[in-house]
Amino acid sequence: MRILVWSFISVALALPLLAVVSRPARAEGDNAETAGQAFPFPVHEKTLANGLRVYVVSYDSPGLVAYYSIVRTGSRNEVEAGKSGFAHFFEHMMFHGTDTYPQDKYNAAIKAMGADSNAFTSDDLTVYHILAGKAALPKIVEIEADRFQHLTYKEPEFQKEARAVLGEYNKNASNPIEKMTEVLYDNAFTTHTYKHTTMGFVKDIENFPHELAYSRQFFDRYYRPDNVVIMVVGDADPATVFKQVEERYGSWKAGGPRPAVPKEPTQTKETVANLTWKGPTLPMLLMGWHVPAFSTTNVDVPTLDVLSELMFAERAPLYKKLVITEQKVESISGSADPHVDPNLFTVFARIKKPDDMGYVQKSVTDELARIAKEGVDGKTLAEVVSHVKYAFAGQLSTADKVAYTASSFIALTGNLASINQYFALYDRVTPADVKRVAATYFAPTNRTVVTLKGGK
(Lines give C-alpha, C1' and ligand atoms only; values in the text may rest on other atoms or scores of the structure.)
Protein backbone atom coordinates (compact mmCIF):
# COMPACT_ATOMS: atom_id res chain seq x y z
CA MET A 1 0.00 0.00 0.00
CA ARG A 2 1.11 3.55 -0.56
CA ILE A 3 -0.06 6.93 0.62
CA LEU A 4 -0.72 9.60 -1.93
CA VAL A 5 -0.67 13.11 -0.51
CA TRP A 6 -1.41 16.07 -2.81
CA SER A 7 1.27 18.53 -1.83
CA PHE A 8 3.94 20.90 -2.99
CA ILE A 9 6.15 17.91 -3.77
CA SER A 10 3.95 16.82 -6.68
CA VAL A 11 3.72 19.91 -8.86
CA ALA A 12 4.44 17.94 -12.01
CA LEU A 13 1.60 15.59 -11.14
CA ALA A 14 -0.80 18.24 -9.94
CA LEU A 15 -0.88 20.21 -13.17
CA PRO A 16 -1.89 17.25 -15.36
CA LEU A 17 -4.57 16.29 -12.85
CA LEU A 18 -6.03 19.76 -12.97
CA ALA A 19 -6.08 20.01 -16.73
CA VAL A 20 -9.22 18.51 -18.16
CA VAL A 21 -11.15 17.29 -21.15
CA SER A 22 -12.67 19.54 -23.74
CA ARG A 23 -16.15 18.02 -24.00
CA PRO A 24 -18.62 16.28 -21.69
CA ALA A 25 -17.93 12.63 -20.95
CA ARG A 26 -20.12 10.44 -23.11
CA ALA A 27 -22.95 8.65 -21.40
CA GLU A 28 -24.08 5.17 -22.42
CA GLY A 29 -25.47 5.26 -25.93
CA ASP A 30 -23.84 8.61 -26.82
CA ASN A 31 -22.05 8.31 -30.16
CA ALA A 32 -20.67 11.84 -30.35
CA GLU A 33 -17.37 12.31 -32.09
CA THR A 34 -14.35 12.36 -29.79
CA ALA A 35 -11.64 13.55 -32.18
CA GLY A 36 -9.57 16.37 -30.76
CA GLN A 37 -10.61 15.87 -27.17
CA ALA A 38 -8.00 15.76 -24.42
CA PHE A 39 -9.95 12.87 -22.90
CA PRO A 40 -11.27 11.22 -26.08
CA PHE A 41 -12.51 7.97 -24.53
CA PRO A 42 -16.18 6.90 -24.56
CA VAL A 43 -17.61 6.89 -21.03
CA HIS A 44 -20.58 4.76 -19.98
CA GLU A 45 -22.28 5.26 -16.64
CA LYS A 46 -24.82 3.45 -14.50
CA THR A 47 -26.03 3.97 -10.93
CA LEU A 48 -27.45 1.01 -9.02
CA ALA A 49 -30.51 1.29 -6.78
CA ASN A 50 -28.26 1.28 -3.68
CA GLY A 51 -26.36 4.36 -4.90
CA LEU A 52 -23.27 2.60 -6.28
CA ARG A 53 -22.08 4.48 -9.36
CA VAL A 54 -20.29 2.51 -12.07
CA TYR A 55 -18.21 3.93 -14.92
CA VAL A 56 -16.84 2.00 -17.87
CA VAL A 57 -14.29 3.91 -19.94
CA SER A 58 -13.44 2.37 -23.29
CA TYR A 59 -9.70 2.58 -23.88
CA ASP A 60 -7.55 0.97 -26.57
CA SER A 61 -5.73 -1.60 -24.45
CA PRO A 62 -6.55 -4.93 -26.09
CA GLY A 63 -7.06 -7.66 -23.50
CA LEU A 64 -6.29 -5.38 -20.53
CA VAL A 65 -8.48 -3.66 -17.92
CA ALA A 66 -7.92 -1.42 -14.90
CA TYR A 67 -10.47 -1.90 -12.10
CA TYR A 68 -10.67 0.97 -9.58
CA SER A 69 -12.77 0.99 -6.40
CA ILE A 70 -12.89 4.64 -5.32
CA VAL A 71 -13.96 5.33 -1.75
CA ARG A 72 -14.80 9.01 -1.30
CA THR A 73 -13.23 9.02 2.14
CA GLY A 74 -9.78 10.17 3.20
CA SER A 75 -8.15 11.89 6.15
CA ARG A 76 -10.59 14.78 5.59
CA ASN A 77 -13.34 12.58 7.04
CA GLU A 78 -11.54 11.83 10.32
CA VAL A 79 -13.64 14.20 12.38
CA GLU A 80 -13.58 12.54 15.81
CA ALA A 81 -10.83 13.57 18.21
CA GLY A 82 -8.11 10.96 18.50
CA LYS A 83 -9.06 9.20 15.25
CA SER A 84 -6.73 10.85 12.73
CA GLY A 85 -4.95 8.58 10.24
CA PHE A 86 -7.76 6.05 10.19
CA ALA A 87 -8.52 6.23 6.46
CA HIS A 88 -4.96 5.17 5.72
CA PHE A 89 -4.89 2.61 8.53
CA PHE A 90 -8.09 1.08 7.25
CA GLU A 91 -6.61 0.81 3.77
CA HIS A 92 -4.23 -1.73 5.34
CA MET A 93 -7.08 -3.61 7.00
CA MET A 94 -8.93 -4.01 3.70
CA PHE A 95 -6.35 -6.59 2.61
CA HIS A 96 -7.18 -9.05 5.41
CA GLY A 97 -9.83 -11.00 3.57
CA THR A 98 -13.30 -12.41 4.20
CA ASP A 99 -14.79 -15.77 5.18
CA THR A 100 -15.13 -16.63 1.48
CA TYR A 101 -11.76 -15.21 0.46
CA PRO A 102 -9.36 -15.17 3.44
CA GLN A 103 -6.17 -13.20 2.91
CA ASP A 104 -4.17 -16.14 1.52
CA LYS A 105 -6.97 -17.14 -0.87
CA TYR A 106 -7.46 -13.55 -2.01
CA ASN A 107 -3.74 -13.17 -2.70
CA ALA A 108 -3.71 -16.49 -4.53
CA ALA A 109 -6.59 -15.31 -6.75
CA ILE A 110 -4.71 -12.11 -7.59
CA LYS A 111 -1.57 -14.13 -8.39
CA ALA A 112 -3.48 -16.64 -10.54
CA MET A 113 -4.87 -13.77 -12.62
CA GLY A 114 -1.39 -12.32 -13.10
CA ALA A 115 -2.83 -9.09 -11.75
CA ASP A 116 -1.22 -6.05 -10.17
CA SER A 117 -3.16 -5.02 -7.05
CA ASN A 118 -2.52 -2.07 -4.74
CA ALA A 119 -4.15 0.86 -2.94
CA PHE A 120 -3.50 4.45 -1.92
CA THR A 121 -4.97 7.04 0.44
CA SER A 122 -5.03 10.83 0.29
CA ASP A 123 -6.79 13.67 2.06
CA ASP A 124 -10.04 13.13 0.15
CA LEU A 125 -10.13 9.55 -1.09
CA THR A 126 -9.00 5.95 -0.75
CA VAL A 127 -8.53 3.90 -3.91
CA TYR A 128 -8.12 0.16 -4.44
CA HIS A 129 -6.92 -0.72 -7.92
CA ILE A 130 -6.26 -3.86 -9.94
CA LEU A 131 -4.68 -4.11 -13.39
CA ALA A 132 -5.28 -7.47 -15.10
CA GLY A 133 -6.23 -9.27 -18.28
CA LYS A 134 -9.76 -8.88 -19.62
CA ALA A 135 -10.60 -12.51 -18.91
CA ALA A 136 -10.05 -11.92 -15.19
CA LEU A 137 -12.77 -9.26 -14.91
CA PRO A 138 -15.54 -11.57 -13.59
CA LYS A 139 -13.24 -12.84 -10.84
CA ILE A 140 -12.12 -9.28 -9.98
CA VAL A 141 -15.72 -8.17 -9.60
CA GLU A 142 -16.40 -11.20 -7.40
CA ILE A 143 -13.49 -10.79 -4.99
CA GLU A 144 -13.74 -7.00 -4.75
CA ALA A 145 -17.48 -7.08 -4.12
CA ASP A 146 -16.87 -9.70 -1.45
CA ARG A 147 -14.28 -7.77 0.51
CA PHE A 148 -16.15 -4.48 0.29
CA GLN A 149 -19.24 -6.10 1.77
CA HIS A 150 -17.88 -8.85 4.00
CA LEU A 151 -14.45 -7.83 5.27
CA THR A 152 -13.45 -9.65 8.44
CA TYR A 153 -10.42 -9.56 10.72
CA LYS A 154 -9.58 -10.47 14.29
CA GLU A 155 -7.48 -8.94 17.06
CA PRO A 156 -4.09 -10.43 16.00
CA GLU A 157 -4.38 -9.09 12.43
CA PHE A 158 -5.51 -5.73 13.71
CA GLN A 159 -2.58 -5.43 16.12
CA LYS A 160 -0.12 -6.42 13.39
CA GLU A 161 -1.30 -3.67 11.08
CA ALA A 162 -1.32 -1.13 13.92
CA ARG A 163 2.37 -1.81 14.46
CA ALA A 164 3.04 -1.71 10.70
CA VAL A 165 1.43 1.71 10.32
CA LEU A 166 3.45 3.10 13.24
CA GLY A 167 6.58 1.75 11.59
CA GLU A 168 5.56 3.44 8.34
CA TYR A 169 5.06 6.73 10.17
CA ASN A 170 8.49 6.47 11.85
CA LYS A 171 10.12 5.74 8.50
CA ASN A 172 8.49 8.78 6.92
CA ALA A 173 9.45 10.90 9.92
CA SER A 174 13.10 10.45 8.97
CA ASN A 175 12.46 12.85 6.07
CA PRO A 176 12.59 16.52 7.13
CA ILE A 177 10.05 17.48 4.47
CA GLU A 178 7.50 15.23 6.15
CA LYS A 179 8.03 17.07 9.42
CA MET A 180 7.68 20.44 7.73
CA THR A 181 4.44 19.33 6.10
CA GLU A 182 3.03 18.18 9.43
CA VAL A 183 3.87 21.50 11.06
CA LEU A 184 2.56 23.56 8.15
CA TYR A 185 -0.91 22.00 8.21
CA ASP A 186 -1.08 21.83 11.97
CA ASN A 187 -0.41 25.58 12.12
CA ALA A 188 -2.43 26.64 9.07
CA PHE A 189 -5.64 24.91 10.19
CA THR A 190 -7.37 25.32 13.54
CA THR A 191 -10.67 23.49 12.97
CA HIS A 192 -10.84 21.60 9.68
CA THR A 193 -9.52 18.04 9.49
CA TYR A 194 -6.90 19.07 6.93
CA LYS A 195 -5.04 20.07 10.08
CA HIS A 196 -3.56 16.56 10.18
CA THR A 197 -1.78 14.84 7.32
CA THR A 198 -2.98 11.62 5.72
CA MET A 199 -0.76 9.65 8.09
CA GLY A 200 -2.40 11.35 11.09
CA PHE A 201 -1.08 12.68 14.38
CA VAL A 202 1.54 10.39 15.89
CA LYS A 203 -0.30 10.20 19.23
CA ASP A 204 -3.34 8.82 17.40
CA ILE A 205 -1.23 6.30 15.46
CA GLU A 206 0.29 5.09 18.72
CA ASN A 207 -3.23 4.53 20.03
CA PHE A 208 -4.36 2.42 17.06
CA PRO A 209 -3.93 -0.89 18.97
CA HIS A 210 -6.84 0.15 21.23
CA GLU A 211 -9.21 1.03 18.37
CA LEU A 212 -10.44 -2.35 17.11
CA ALA A 213 -14.08 -1.50 17.77
CA TYR A 214 -13.79 1.89 16.08
CA SER A 215 -12.16 0.33 13.01
CA ARG A 216 -15.32 -1.71 12.43
CA GLN A 217 -17.45 1.37 12.93
CA PHE A 218 -15.31 3.18 10.36
CA PHE A 219 -15.85 0.36 7.85
CA ASP A 220 -19.60 0.33 8.46
CA ARG A 221 -19.83 4.10 8.09
CA TYR A 222 -17.77 4.79 4.97
CA TYR A 223 -17.53 1.55 3.00
CA ARG A 224 -21.04 1.76 1.64
CA PRO A 225 -22.27 1.80 -1.98
CA ASP A 226 -23.47 5.40 -1.85
CA ASN A 227 -19.89 6.43 -0.91
CA VAL A 228 -18.05 4.26 -3.46
CA VAL A 229 -17.55 4.51 -7.23
CA ILE A 230 -16.44 1.60 -9.42
CA MET A 231 -14.49 2.47 -12.56
CA VAL A 232 -13.35 0.02 -15.23
CA VAL A 233 -11.01 1.32 -17.92
CA GLY A 234 -9.77 -0.61 -20.93
CA ASP A 235 -11.00 -3.50 -23.04
CA ALA A 236 -14.38 -4.02 -21.37
CA ASP A 237 -17.95 -4.25 -22.63
CA PRO A 238 -20.12 -1.81 -20.65
CA ALA A 239 -23.27 -3.96 -20.65
CA THR A 240 -21.33 -6.98 -19.41
CA VAL A 241 -19.62 -4.98 -16.66
CA PHE A 242 -22.91 -3.46 -15.50
CA LYS A 243 -24.50 -6.90 -15.32
CA GLN A 244 -21.59 -8.38 -13.36
CA VAL A 245 -21.51 -5.47 -10.93
CA GLU A 246 -25.27 -5.58 -10.42
CA GLU A 247 -25.09 -9.29 -9.59
CA ARG A 248 -22.25 -8.93 -7.09
CA TYR A 249 -22.91 -5.50 -5.53
CA GLY A 250 -26.68 -5.13 -5.93
CA SER A 251 -27.57 -6.41 -2.45
CA TRP A 252 -25.06 -4.12 -0.71
CA LYS A 253 -26.96 -1.86 1.66
CA ALA A 254 -26.57 1.93 1.53
CA GLY A 255 -25.14 3.66 4.60
CA GLY A 256 -26.66 6.07 7.08
CA PRO A 257 -25.77 9.69 7.86
CA ARG A 258 -22.06 10.51 8.14
CA PRO A 259 -20.44 13.15 10.35
CA ALA A 260 -20.09 16.61 8.85
CA VAL A 261 -16.59 17.97 8.27
CA PRO A 262 -16.02 21.21 10.24
CA LYS A 263 -15.51 24.43 8.34
CA GLU A 264 -12.21 26.30 8.73
CA PRO A 265 -12.52 29.95 9.83
CA THR A 266 -10.65 32.69 7.98
CA GLN A 267 -7.01 33.03 8.97
CA THR A 268 -6.41 36.50 10.43
CA LYS A 269 -2.68 36.58 11.14
CA GLU A 270 0.53 35.05 9.87
CA THR A 271 1.90 31.98 11.64
CA VAL A 272 5.61 31.14 11.58
CA ALA A 273 7.39 28.00 12.80
CA ASN A 274 11.19 27.67 12.75
CA LEU A 275 12.48 24.10 12.98
CA THR A 276 15.93 22.66 13.57
CA TRP A 277 16.62 19.22 12.11
CA LYS A 278 18.63 16.75 14.17
CA GLY A 279 21.13 16.09 11.39
CA PRO A 280 22.78 17.95 8.52
CA THR A 281 20.48 19.12 5.72
CA LEU A 282 20.08 21.99 3.32
CA PRO A 283 17.86 24.73 4.74
CA MET A 284 14.28 24.56 3.48
CA LEU A 285 11.34 26.94 3.26
CA LEU A 286 7.68 25.95 3.12
CA MET A 287 4.85 28.49 2.85
CA GLY A 288 1.11 28.04 2.55
CA TRP A 289 -1.83 30.37 1.81
CA HIS A 290 -5.49 29.39 2.13
CA VAL A 291 -7.21 29.11 -1.26
CA PRO A 292 -10.62 27.86 -2.48
CA ALA A 293 -11.72 24.26 -2.81
CA PHE A 294 -11.86 22.49 -6.15
CA SER A 295 -14.77 23.83 -8.16
CA THR A 296 -16.26 23.48 -11.61
CA THR A 297 -17.65 27.04 -11.44
CA ASN A 298 -15.08 29.18 -9.59
CA VAL A 299 -12.59 30.60 -12.10
CA ASP A 300 -10.16 31.36 -9.27
CA VAL A 301 -9.23 27.66 -9.10
CA PRO A 302 -7.78 27.28 -12.63
CA THR A 303 -6.32 30.77 -12.26
CA LEU A 304 -4.25 29.47 -9.35
CA ASP A 305 -2.94 26.76 -11.69
CA VAL A 306 -1.92 29.45 -14.15
CA LEU A 307 -0.25 31.42 -11.37
CA SER A 308 1.72 28.33 -10.34
CA GLU A 309 3.09 28.00 -13.84
CA LEU A 310 3.91 31.71 -14.06
CA MET A 311 5.81 31.53 -10.79
CA PHE A 312 7.61 28.19 -10.83
CA ALA A 313 8.02 26.84 -14.36
CA GLU A 314 11.63 26.69 -15.50
CA ARG A 315 11.01 29.59 -17.85
CA ALA A 316 9.46 31.74 -15.11
CA PRO A 317 11.39 34.89 -14.02
CA LEU A 318 11.46 33.84 -10.36
CA TYR A 319 12.82 30.39 -11.18
CA LYS A 320 15.48 31.82 -13.49
CA LYS A 321 16.51 34.35 -10.87
CA LEU A 322 16.82 32.04 -7.85
CA VAL A 323 17.93 28.80 -9.51
CA ILE A 324 19.91 29.79 -12.59
CA THR A 325 21.21 33.36 -12.25
CA GLU A 326 21.78 33.79 -8.51
CA GLN A 327 21.96 30.05 -7.74
CA LYS A 328 20.61 30.58 -4.25
CA VAL A 329 18.18 27.67 -4.31
CA GLU A 330 18.61 24.09 -5.38
CA SER A 331 14.92 23.75 -6.24
CA ILE A 332 11.67 25.68 -5.89
CA SER A 333 8.08 24.69 -6.66
CA GLY A 334 4.52 25.61 -5.83
CA SER A 335 0.93 24.63 -6.49
CA ALA A 336 -2.61 24.59 -5.19
CA ASP A 337 -3.53 20.92 -5.35
CA PRO A 338 -7.21 19.99 -5.73
CA HIS A 339 -9.20 19.32 -2.55
CA VAL A 340 -12.86 18.87 -1.67
CA ASP A 341 -12.66 21.73 0.83
CA PRO A 342 -10.50 24.89 0.85
CA ASN A 343 -6.85 23.96 1.28
CA LEU A 344 -3.47 25.60 0.67
CA PHE A 345 -1.39 26.99 -2.15
CA THR A 346 2.05 25.81 -1.06
CA VAL A 347 5.55 26.94 -2.01
CA PHE A 348 8.60 24.82 -1.22
CA ALA A 349 12.25 25.83 -1.68
CA ARG A 350 15.46 23.97 -0.92
CA ILE A 351 18.02 26.71 -0.23
CA LYS A 352 21.79 26.40 -0.49
CA LYS A 353 22.79 28.68 2.41
CA PRO A 354 20.95 29.37 5.70
CA ASP A 355 21.62 33.11 5.42
CA ASP A 356 19.54 33.26 2.21
CA MET A 357 16.31 32.02 3.83
CA GLY A 358 14.86 35.52 4.29
CA TYR A 359 15.98 36.61 0.84
CA VAL A 360 14.27 33.67 -0.85
CA GLN A 361 11.04 34.21 1.07
CA LYS A 362 11.03 37.90 0.12
CA SER A 363 11.73 37.03 -3.52
CA VAL A 364 8.65 34.81 -3.61
CA THR A 365 6.37 37.40 -2.02
CA ASP A 366 7.81 40.17 -4.21
CA GLU A 367 7.06 38.16 -7.34
CA LEU A 368 3.50 37.53 -6.18
CA ALA A 369 3.11 41.26 -5.57
CA ARG A 370 4.53 42.05 -9.02
CA ILE A 371 2.06 39.73 -10.74
CA ALA A 372 -0.78 41.19 -8.67
CA LYS A 373 0.21 44.63 -9.99
CA GLU A 374 1.29 43.88 -13.55
CA GLY A 375 -0.61 40.68 -14.36
CA VAL A 376 0.26 38.67 -17.46
CA ASP A 377 -0.12 39.34 -21.17
CA GLY A 378 -2.67 37.41 -23.21
CA LYS A 379 -0.06 35.53 -25.26
CA THR A 380 1.70 34.14 -22.19
CA LEU A 381 -1.61 33.21 -20.60
CA ALA A 382 -2.63 31.27 -23.71
CA GLU A 383 0.71 29.45 -23.72
CA VAL A 384 0.32 28.43 -20.07
CA VAL A 385 -3.19 27.08 -20.60
CA SER A 386 -2.02 25.17 -23.66
CA HIS A 387 0.86 23.68 -21.67
CA VAL A 388 -1.48 22.45 -18.93
CA LYS A 389 -3.77 20.77 -21.46
CA TYR A 390 -0.82 19.13 -23.18
CA ALA A 391 0.52 17.84 -19.87
CA PHE A 392 -2.86 16.32 -19.10
CA ALA A 393 -2.97 14.47 -22.41
CA GLY A 394 0.51 13.10 -21.74
CA GLN A 395 -0.71 11.39 -18.57
CA LEU A 396 -3.32 9.29 -20.40
CA SER A 397 -0.91 6.78 -21.91
CA THR A 398 -2.25 3.56 -20.36
CA ALA A 399 -5.56 2.22 -19.06
CA ASP A 400 -4.22 2.36 -15.52
CA LYS A 401 -3.13 6.00 -15.85
CA VAL A 402 -6.50 6.97 -17.31
CA ALA A 403 -8.24 5.38 -14.33
CA TYR A 404 -5.82 6.97 -11.87
CA THR A 405 -6.31 10.45 -13.31
CA ALA A 406 -10.09 10.12 -13.57
CA SER A 407 -10.34 8.83 -9.99
CA SER A 408 -9.14 12.18 -8.64
CA PHE A 409 -12.06 14.00 -10.24
CA ILE A 410 -14.50 11.40 -8.98
CA ALA A 411 -13.15 11.84 -5.45
CA LEU A 412 -13.59 15.60 -5.67
CA THR A 413 -17.09 15.71 -7.11
CA GLY A 414 -18.46 12.18 -7.34
CA ASN A 415 -18.96 12.63 -11.07
CA LEU A 416 -16.63 12.06 -14.01
CA ALA A 417 -18.41 14.81 -15.95
CA SER A 418 -16.68 17.32 -13.67
CA ILE A 419 -13.59 16.87 -15.87
CA ASN A 420 -15.35 18.61 -18.75
CA GLN A 421 -16.97 21.23 -16.57
CA TYR A 422 -13.64 22.17 -15.04
CA PHE A 423 -11.97 22.40 -18.42
CA ALA A 424 -14.43 25.09 -19.48
CA LEU A 425 -13.08 27.33 -16.71
CA TYR A 426 -9.62 27.50 -18.31
CA ASP A 427 -11.09 29.24 -21.33
CA ARG A 428 -12.58 31.84 -18.98
CA VAL A 429 -9.31 32.79 -17.24
CA THR A 430 -8.26 36.33 -18.17
CA PRO A 431 -5.18 38.45 -17.40
CA ALA A 432 -7.40 40.43 -15.02
CA ASP A 433 -8.21 37.21 -13.14
CA VAL A 434 -4.52 36.49 -12.70
CA LYS A 435 -3.96 39.93 -11.17
CA ARG A 436 -7.00 39.66 -8.93
CA VAL A 437 -6.19 36.16 -7.65
CA ALA A 438 -2.56 37.07 -6.92
CA ALA A 439 -3.76 40.07 -4.92
CA THR A 440 -6.63 38.29 -3.15
CA TYR A 441 -5.13 35.17 -1.60
CA PHE A 442 -1.48 35.97 -0.91
CA ALA A 443 -1.79 38.50 1.90
CA PRO A 444 0.62 38.06 4.85
CA THR A 445 -2.34 37.53 7.21
CA ASN A 446 -3.35 34.48 5.14
CA ARG A 447 0.14 32.96 5.24
CA THR A 448 1.74 30.16 7.25
CA VAL A 449 5.54 29.80 7.09
CA VAL A 450 7.75 26.88 8.14
CA THR A 451 11.55 27.06 7.96
CA LEU A 452 13.99 24.26 8.65
CA LYS A 453 17.73 24.34 9.15
CA GLY A 454 20.16 21.54 9.85
CA GLY A 455 21.66 20.87 13.24
CA LYS A 456 25.29 20.89 14.18
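**Close-up views of a predicted model**

**View 1. Strand 8 and strand 12 run parallel, joined by seven bridges.** Strand 12 covers residues 447-454. Leu275 stands opposite Leu452 of strand 12. Strands here are DSSP runs of E with at least two residues, and helices are runs of H or I with at least four residues, numbered from the N terminus. Two strands pair if DSSP finds at least two bridges between them. This is a predicted model: local features need pLDDT of at least 70, side-chain atom pairs count only at pLDDT 80 or more, and totals for chains, interfaces and linings use all residues. Residues are numbered from 1 along each chain as its sequence is written, and side-chain values use heavy atoms, with hydrogens and water left out.

View 2. Contact means heavy atoms within 4.5 Å. Axes are lines fitted to C-alpha atoms, for helices over the stretch in contact, and angles run from 0 to 180 degrees between N-to-C directions.

**View 3. Helix 10 crosses helix 15 at roughly 65 degrees.** The crossing is right-handed: the near helix is turned clockwise from the far one by less than a right angle. Helix 10 makes the contact with Val301, Pro302 and Asp305. Helix 15 brings Tyr422, Leu425 and Tyr426. By class, the contact residues are five nonpolar, no polar and one charged. Ala, Val, Leu, Ile, Met, Phe, Trp, Tyr, Cys and Pro count as nonpolar, Asp, Glu, Lys and Arg as charged, and the others, Gly among them, as polar.

**View 4. The largest cavity has a volume of about 80 Å³.** The whole structure holds four cavities of 30 Å³ or more. On a 1 Å grid over the protein atoms alone, a cavity is a set of points where a 1.4 Å probe fits but cannot get out; lining residues have an atom within 4 Å of a point. Grid points are joined across faces, edges and corners, and a volume is the space filled by probe spheres set on the points. The largest cavity is lined by 13 residues, with Pro292, Val301, Ala336, Asp337 and Pro338 nearest its centre. Helix 10 gives the most to this lining, three residues. Nine lining residues are nonpolar, two polar and two charged.

**View 5. The largest pocket holds about 290 Å³ of space.** A pocket is an open set of points with protein on both sides within 12 Å along at least five of seven lines. Its lining has 13 residues, and Lys263, Glu264, Pro265, Thr266 and Pro342 lie nearest the centre. Five are nonpolar, five polar and three charged.

**View 6. Strand 2 and strand 3 form a hairpin with five residues between them.** Strand 2 (residues 43-47) pairs with strand 3 (residues 53-58) in the antiparallel sense, over five bridges. His44 has Val56 as its bridge partner. In the turn, Gly51 has a positive phi of about 100 degrees.
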